[in-house]
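Me: I have just opened a structure that is new to me, and I would like to learn how to read it. Could you walk me through some features, one at a time?

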Amino acid sequence: MSDPMVLTYEERGGGPALVLIHGFPLNSSMWIEQLKGLAKVRTVIAVNLRGHGYTQVDSADGFSMDLFADDVAATLDDIGVDKADICGLSMGGYVAMAFWRRHKDKVRSMIFADTKPEADSDEAKAGREKTAAAVREQGIQPLVDGVLPKMFGPNPSEELVAATRAMFESTPPEVAAADLLAMRDRPDSDLSVIDVPCLWIHGEGDQIMPIDAARTAAGTIPDCTFVAVPDAGHMSPLENPGVVIPAMTEFLQKVGK
Ligand code: MLT
């Protein structure tokens, strides 16, 4: 396994640390609204996973959700943060679940956004391999064609689609391919063992991860508040920050320091 690395990140605000982990194939800029909107209650740290955003890598070998989680832990150690609220969207949620398994002593609370705990089915694994091969051959375009249109609820703004497309296109194809294989290999996550407060936010119109399954998954966590986000799909924090930010603020204020 590769060694953990310190990640680049965007930071805003003050007080206890909140770590935001982006989805696939995105970067820290997906959290632009949360960086602004949560700065009064937390030091908001939106990381760029290895190969994404400003976090460059020489090689995309050996990516895994565990390695991504260890990178986040190494970054917190580097900044001098002992405990943080850990939030992840979709693939970022898989990383957050790995973080819980591997670094629970560093977790004050968890926020899951538009994600799921199950490992890939055999069919989904085969799909990951096919997509990874297409991305290696043709670049990021197969993802722009196949995944981008499914990221939003009905009628997303042109601005939102353009901003998300820019994140897709800034991700090196070899990094996107390595992410796909890392997601293929992730295990099931048992959320019933999480013993810190949790919040789950989920777009009502999420086409990639339907909200009913998310509600069931959240129900397995002993202490979890579930918020259905209207007028939003898989990118609920960007699509409807007017609901997501107050929900996160209320949750984080209850969690305290
Ligand atoms: C994501 O948004 O991070 C991906 O949809 C996750 C996945 O493909 O499983």
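Me: Let's begin with a single residue. Where is Ser-90 placed?

Reply: Ser-90 sits in the loop between S4 and H3. Please keep in mind as we go that this is a predicted model. The backbone of Ser-90 is worth a look, as its phi is near 55°, a positive value in a residue other than glycine.

Me: Is Ser-90 buried or exposed?

Reply: The cut-off for buried is under 20% relative accessible area. Ser-90 has 8% relative accessibility, so Ser-90 counts as buried.

Me: Which loop holds Asp-114, and what is its phi?

Reply: Look in the loop between S5 and H4 for Asp-114. Its phi is near 45°, again a positive value in a residue that is not glycine. Asp-114 is buried, because its relative accessible area is 0%.

Me: What about the peptide bond from Phe-24 to Pro-25: cis or trans?

Reply: That bond is cis, with omega near -15°. You can find Pro-25 in the loop between S2 and helix H1 (32–37).

Me: Now the strands, please. How do I read a sheet?

Reply: Start with the general idea: strands of a sheet pair through backbone hydrogen bonds, and they do so either parallel or antiparallel. In this structure, seven strands make an open sheet, in the order S1-S3-S2-S4-S5-S6-S7, with mixed pairing. Strand S1 (8–13) and strand S7 (224–229) are at the edges with a single partner strand each, so one side of each has no neighbour in the sheet. From one strand to the next, the twist averages 20°.

Me: How many bridges join strand S5 to strand S6?

Reply: There are four bridges between S5 (residues 107–113) and S6 (residues 198–203), and these two strands run parallel. For one example, pick Ala-113 and find its bridge partner in S6, Ile-201.

Me: Which strands does helix H2 lie across?

Reply: Helix H2 (residues 65–79) lies across S1, strand S2 (17–21), strand S3 (43–48) and strand S4 (84–89).

Me: Which residues is Asn-48 in contact with, leaving aside neighbours within four places in sequence?

Reply: Asn-48 belongs to strand S3. Its contacts beyond those neighbours are Leu-7, Thr-8, Tyr-9, His-22, Asn-27, Ser-28, Gly-53, Tyr-54 and Thr-55. Asn-48 is buried, with a relative accessible area of 1%.

Me: How does one find empty space in a structure?

Reply: A probe the size of a water molecule is rolled over the atoms, and this shows where empty space is left. Here the largest pocket holds about 520 Å³ of space. It is lined by 24 residues, and the closest to its centre are Arg-128, Val-147, Met-183, Ile-208 and Met-209. Helices H3 (91–103), H4 (122–138), H5 (141–146) and H7 (173–184) are the elements that each give two or more residues to this lining.

Me: Which element gives the most to that lining, and what classes of residue are found there?

Reply: H4 gives the most, with five residues. The lining of this pocket has twelve nonpolar, seven polar and five charged residues.

Me: And how many cavities of 30 Å³ or more does the search find?

Reply: One, when the whole structure is searched. The largest cavity has a volume of about 40 Å³, and its lining includes Met-65, Tyr-94 and Arg-186. H3 gives the most to this lining, with three residues. By class, the cavity lining has five nonpolar, one polar and three charged residues.

Note on methods. Residues are numbered from 1 along each chain as its sequence is written. This is a predicted model: local features need pLDDT of at least 70, side-chain atom pairs count only at pLDDT 80 or more; totals for chains, interfaces and linings use all residues. Side-chain values use heavy atoms; hydrogens and water are left out. On a 1 Å grid over the protein atoms alone, a cavity is a set of points where a 1.4 Å probe fits but cannot get out, and a pocket is an open set with protein on both sides within 12 Å along at least five of seven lines; lining residues have an atom within 4 Å of a point. Grid points are joined across faces, edges and corners, and a volume is the space filled by probe spheres set on the points. Ala, Val, Leu, Ile, Met, Phe, Trp, Tyr, Cys and Pro count as nonpolar, Asp, Glu, Lys and Arg as charged, and the others, Gly among them, as polar. Two strands pair if DSSP finds at least two bridges between them. Axes are lines fitted to C-alpha atoms, for helices over the stretch in contact, and angles run from 0 to 180 degrees between N-to-C directions. Contact means heavy atoms within 4.5 Å. Buried means under 20% relative accessible area, exposed over 50%, partly exposed in between (1.4 Å probe, protein chains only).
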